[in-house]
Amino acid sequence: MSPTLQKQRTRLDVAAPWISTLARFGLAGIFLAAGLLKVVDPQSSVQAVRGYELLPESLVTIVGWAVPFVEIALGLLLAAGLFTRLVGVLCAALLLVFIAAVISAAVRGLTIDCGCFGGGGMVGIGETTYGPEVIRDIGFLWLALWLVWKPRSRFSLDHADQEEIE
Amino acid sequence: MTEQPGRTDRWTLAVVAVALVLVIVGGGVALQAWRTSRAPSAVPGATAAPAALTPANITSGSPVRFGQPGAPVTITMYADFHCPHCADLEEKIGPTLTAAQQSGRVTLELYPMAFIDAGSTAASNAVACAAEAGFGEPYYRGLFANSALKWSTSQLTALGDLVAGTAPESFDRCVTDSSHADWVQSINAAADAKGVTGTPTMFLNGNPVDIASLTPDTLETMIEQAPHK
């Protein structure tokens, strides 16, 4: 930690915690919504996973049941502001998997709904919306990456030990 | 970096956070396992009407038919009992359809396709068993009313008892032995031959129905205004 660098507080330094606060709560809301909308219908969430035709049948059910709860857990950690950088990395990793899965579905010519916020499974030819789904997920990915870069934010449990975060 | 007072707290928090995540994900998976394995719940109005139903013959490639013979309007439905949109559609227009059948205005031709999972196939077989035993229509409603279930043999026979009071032993055997497995395949093939690519797909007197814009009211109007055969 060089003292000369610490003196210069740029506008970014001032704004970053607030931007991070927005990103954190925004991403928390997105993950909680995505998870909660899916847990209500276990058949749907399993079918959404099956629709991608990427996992063996033995894994489809367990993944279909678990992913929504993983999303809820990440959403709760984000809302609490706990281990924000690590949680940001996990969210980004999960989003990259989702983006890759949607792109692979598009490339293979599958006609499915991404099942991102409930639903999922087969849709009619011409009813796919892979483009908007990927663009939306990339938007969410930026929020997660921002939190990896600038994890310090307001109203967070991490805030108590700010010395650890530059 | 010197020792910070917050260090132990941080470790405690980490342990709590990891434990919480494990509880949420593990508990969640256990919850879904329970929700899909439990016994079916009651079907509203299911035991009220079986008098109007007659045992149906199960013929290869032909749908199961519900409603009174000679009804002027025919609605054809291609559905998979594990297709979420099919369950949504049934929830929305089911009561209207049932009422129209009971008043003798509509015959429902059901093609219970099976392409989603093992439960779809078992449920499709079971609805044929139920139709044969004379309680196909309420059984069909019961399958959709409990669409979160995975449809094991015991769940399917339990639903039979719920719908028919006590289902005959022949029904239980039909479910357990998958007696209509070939018919289920013939239904899939028939749907394929008719160019049905997804479920739910619905026709009224042979004309495709736009399901996205369908409401109980518009369905009622369509039934009323359909040219009688």
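Mentor: Let us begin with one pair of helices. Lys92(B), Ile93(B), Thr96(B) and Ala100(B) of H2(B) meet Pro216(B), Leu219(B), Glu220(B) and Ile223(B) of H8(B); two residues are in contact if their C-beta atoms, placed from the backbone, lie within 7 Å. By class, this contact has five nonpolar, one polar and two charged residues (Ala, Val, Leu, Ile, Met, Phe, Trp, Tyr, Cys and Pro count as nonpolar, Asp, Glu, Lys and Arg as charged, and the others, Gly among them, as polar). The model is predicted: local features need pLDDT of at least 70 and side-chain atom pairs count only at pLDDT 80 or more, while totals for chains, interfaces and linings use all residues. Residues are numbered from 1 along each chain as its sequence is written, and chains are lettered from A and ligands numbered from 1 in the order in which they are written.

Trainee: At what angle do H2(B) and H8(B) pack, and how far apart are their axes?

Mentor: Two packed helices are described by the angle between their axes and the distance between the axes. Here H2(B), residues 84-102, and H8(B), residues 216-225, pack at about 30° with axes 9 Å apart. Axes are lines fitted to C-alpha atoms, for helices over the stretch in contact, and angles run from 0 to 180 degrees between N-to-C directions. H2(B) and H8(B) are therefore roughly parallel (angles under 35 degrees count as roughly parallel, over 145 as roughly antiparallel, 65 to 115 as roughly perpendicular and the rest as oblique). Their crossing is right-handed; a crossing is right-handed if the near helix is turned clockwise from the far one by less than a right angle, and left-handed if anticlockwise.

Trainee: Which residues of H2(B) meet H4(B), and at what angle do the two helices pack?

Mentor: H2(B) and H4(B) pack at about 160°, with their axes 10 Å apart. That makes the pair roughly antiparallel, and the crossing is left-handed. From H2(B), Ala87(B), Glu90(B), Gly94(B), Thr98(B) and Gln101(B) meet Glu137(B), Arg141(B) and Phe144(B) of H4(B). The classes here are two nonpolar, three polar and three charged.

Trainee: How do the axes of H4(B) and H5(B) cross?

Mentor: The axes of H4(B), residues 136-145, and H5(B), residues 153-164, come within 9 Å and cross at roughly 125°. These two helices are therefore oblique to each other, with a right-handed crossing. The contact consists of Pro138(B), Tyr139(B), Gly142(B) and Leu143(B) from H4(B), with Leu159(B), Gly160(B), Leu162(B) and Val163(B) from H5(B). Six of these residues are nonpolar, two are polar and none is charged.

Trainee: How many residues of chain B are in contact with chain A?

Mentor: On chain B there are 20, in contact with 24 residues of chain A. H1(B), residues 7-37, gives the most to this side of chain B, with 11 residues. The side of chain B divides into nine nonpolar, nine polar and two charged residues.

Trainee: Which elements make up chain A?

Mentor: Chain A has six helices and two strands, in the order α-α-α-α-α-β-β-α from the N terminus. Helices (H or I, at least four residues) and strands (E, at least two) are DSSP runs, numbered from the N terminus. The C-alpha trace of chain A spans about 60 × 25 × 20 Å along its principal axes.

Trainee: Where is the kink in H4(A) centred?

Mentor: The kink, of about 30°, is centred on Val63(A), the bend at a residue being the angle between axes fitted to the seven residues ending there and the seven starting there. H4(A), residues 57-80, has 24 residues and reaches 36 Å from first to last C-alpha, close to the expected 34 Å (1.5 Å times one less than the number of residues).

Trainee: Which backbone values deserve a second look?

Mentor: Most residues other than glycine have a negative phi, and most peptide bonds are trans. Glu53(A), however, has a positive phi near 55°, and lies in the loop between H3(A), 42-51, and H4(A). In chain B, a cis peptide bond with omega of about -5° joins Thr199(B) and Pro200(B); Pro200(B) is in the loop between H7(B), 181-193, and S4(B), 201-204.
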